[in-house]
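Let's take a walk through a protein model, one kind of contact at a time. Keep the structure open beside you and find each residue as it comes up.

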Amino acid sequence: MACGIIAGVNSPNPALVSRGGARRLPRLALLLFCAAYVLPGVFGRDPWRNADITAFGYMLSIAEGRSPWLAPALGGVALEGSLLPHWLGASFIKLLAPLVAPDLAARLPFAMLLGLVLALTWYSTFHLARTSAAQPLAFAFGGEAEPVDYARTMADAAVLALMACLGLLQLGHETTPELAQLFGVALFMWSLAAAPHRVAAARLASLAALVVLAGSGAPTMALATGLAGAAVTALSRYEQVRGHTAWVLLALLLAAATGWATQAWAWKLTFEASGTQFIQLVRLWAWFLWPAWPLAAWTLWRWRRQLTHRHIAVPLAGVAVALLACVWMGGSDRALLLGLPGLAVLAAFALPTLKRSTAAAIDWFSMFFFTLAAITTWVIYASLHTGVPAKPAANVARLAVGYEPLFSAAALALAALATLAWLWLLRWRTGRSPQALWKSLVLPAGGVALWWLLLMTLGLPLLDYARSSRPWAQRVARHIDANACVAAKGLSPAQVAALEYFGKHRVDARRDPLASGCAHFVAVNRQGLVPALPGWALQAQEQRPTDRQELTLIYRRR
């Protein structure tokens, strides 16, 4: 093929793509990939512990009128910043009540945000791949990829790379402000990518993106992202893009004002220069960014003579900001999440220069890893429902005390169809030799979608029992009447939200228990101690079914 290249050997562009390599992924297949990734986990589950139920608790408090829209609170304790995502969830709860359960209503707009992130990543890559510097070299006798076909193929690959990232799997399906932040980052990347082609829309998108990012609790990230974007646009070779710089600076001012208005400014410096933290960072980046990070690293090497061109500089700016924020915050995976759209774009540009042996290694690793994961999920499911093999069921009984398996014919049918689709995909990928560039990312993305769908069908009852706060709140509710006032100062926001939603209690987490006027006081102790409290009599002790170290103490006022 090297003999057929026109452009000189000295060209900085390393991409060689034939017309067959620019074959786009069928639209129906891409939509099915996205649906299999986005929809599982939206229906049929509780809000999960920690960040998921905490955010939902604030949304429900707003929707039910227990706290004002401008000052959301849980148990009387006010929220700090990130008003926009909580307003979004609360609006859907009010809009869909009483036809839709509050937790599902709050989850729906965030599933839409995840779908928009995938779409914005596609269109960002499409615009960037159409630039002259990103186009592959021409062949001497024709047969090279058409510019638009090449751009579509690269966009398909970027979406597959984003879905394949392991770090997006859980955090992308939670009802948390970080998903709104991810949407803001993806929208800002699109505004920079589309600046030469969609001038007015790109300017408005920059204004909205940084405001959304700041209003979702990340004004510092909005400031850093905006400054990086302004540097990229100011140094651009395109006149339309250089004119976009003023709008980015205006967006920065609006983001700063939004952060001030929502009182969201906070410096979360937790970095410690130590070997232990360095090792933790390396481990986090290795699995969280897999499999996009090795492809992105290859892109930076092969396209190293074009690092200042838009198709590399735009996504690289977002990735660099996220990596620095992750280090700054002591290894925060939620800060690292914001770099995934840019990382997926960089990973896509590795494909035109990828060696065949590297592509084969990615395929074989994905095939064995996700097939093994699927088999393990099916074995545990069979053990729970049939008793064969016996050991997985015994392990579940030991780790999740009191769990009773639930059978769903619909979940079983969906899991079976997904498994058959995976087997067909393996047969297609190993039995044929497709030339399309996106072929190396089909198995990683398909494997992640399969595993997530199996977990959200076959494994959902067990995951719900282990990760939901419903069993814990129901155990506490056995000793406290519904609608009773419960003092809960010292409990985490997630525990307060669980008592309010699952236990149906009125919780006061702000005042001292004696001053609250509540007849009950709930405390959690992880040392196994039962302290005697003046004015309170110990009524009961409970434990979370999946946590033997946590002891819940329920007191009644004397």
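Predicted model: local features only at pLDDT ≥ 70, side-chain atom pairs only at ≥ 80, totals over all residues.

Cys 326 itself is buried, with 0% relative accessible area. Now hop over to Cys 165. Its closest cysteine sulfur sits in Cys 34, 14 Å away, and that is again too far for a bond. Cys 165 counts as buried too, because its relative accessibility is 0%.

So where is there a disulfide? Searching the whole structure turns up 1, and it joins Cys 485 to Cys 518, with 1.9 Å between the sulfur atoms. Cys 485 belongs to strand 3 (residues 485–487), while Cys 518 lies in the loop between helix 24 (513–516) and strand 5 (520–525), so this pair ties together parts that are 33 residues apart in sequence. A disulfide is a covalent bond between the sulfur atoms of two cysteines. Both ends are tucked away: Cys 485 is buried at 18% relative accessibility, and Cys 518 is buried at 0%.

Stay in this neighbourhood and look at the strands. Strand 3 pairs with strand 5 in the parallel sense, over 2 bridges, and Val 486 stands opposite His 520 of strand 5. Strand 5 also pairs with strand 7 (residues 547–557), this time in the antiparallel sense and over 6 bridges. To see that pairing, find Ala 523, which stands opposite Leu 553 in strand 7. Strand 5 is mostly covered, with 5 of its 6 residues buried.

Next, the nonpolar cores. The largest one has 164 residues, and those with the most contacts inside it are Tyr 150, Leu 160, Met 163, Leu 340 and Phe 349. Helix 4 gives the most to this core, 14 residues.

On to the rings. The structure holds 19 aromatic pairs. One of them is Trp 122 with Phe 126, a stacked pair at 5.4 Å centre to centre and 15° between the planes. Both residues lie in helix 4, 4 residues apart, or about one turn of the helix, and both are buried. Compare that with Trp 287 and Phe 288, an edge-to-face pair at 5.5 Å centre to centre and 65° between the planes. Here Trp 287 counts as partly exposed because its relative accessibility is 45%, whereas Phe 288 is buried at 1%. Rings can also gather in a cluster: ring pairs link Trp 290, Trp 293, Phe 365, Phe 369, Phe 370, Trp 422 and Trp 451.

Last stop, the charged side chains. The count of salt bridges comes to 15. In helix 4 (residues 102–129), Asp 103 and Arg 107 are 4 residues apart, which means about one helical turn separates them. Their side chains meet in a salt bridge at 3.7 Å, N to O.

Another salt bridge brings Arg 334 and Glu 178 together at 3.4 Å, N to O. This pair links distant parts of the chain, since Arg 334 is in helix 15 (residues 333–336) and Glu 178 is in helix 7 (residues 177–193), 156 residues apart. Arg 334 is partly exposed at 21% relative accessible area, while Glu 178 is buried at 16%. Salt bridges can share partners as well, and that is how Arg 526, Arg 544, Asp 547 and Glu 550 are joined into one network. Finally, Arg 66 and Glu 64 meet in a salt bridge at 3.0 Å, N to O, and Arg 66 is partly exposed at 41% relative accessibility.

Conventions. Residues numbered from 1 in each chain as written. Heavy atoms only, no water. Salt bridge = Lys/Arg side-chain N within 4 Å of Asp/Glu carboxyl O. Buried < 20%, exposed > 50% of the residue type's maximum accessible area, 1.4 Å probe, protein only. Disulfide = S-S within 2.5 Å. Pairing = 2+ DSSP bridges. Core = buried A, V, L, I, M, F, W, Y, C linked by side-chain atoms within 4.5 Å. Phe/Tyr/Trp six-rings, centres within 6.5 Å; stacked < 30°, edge-to-face > 60°.
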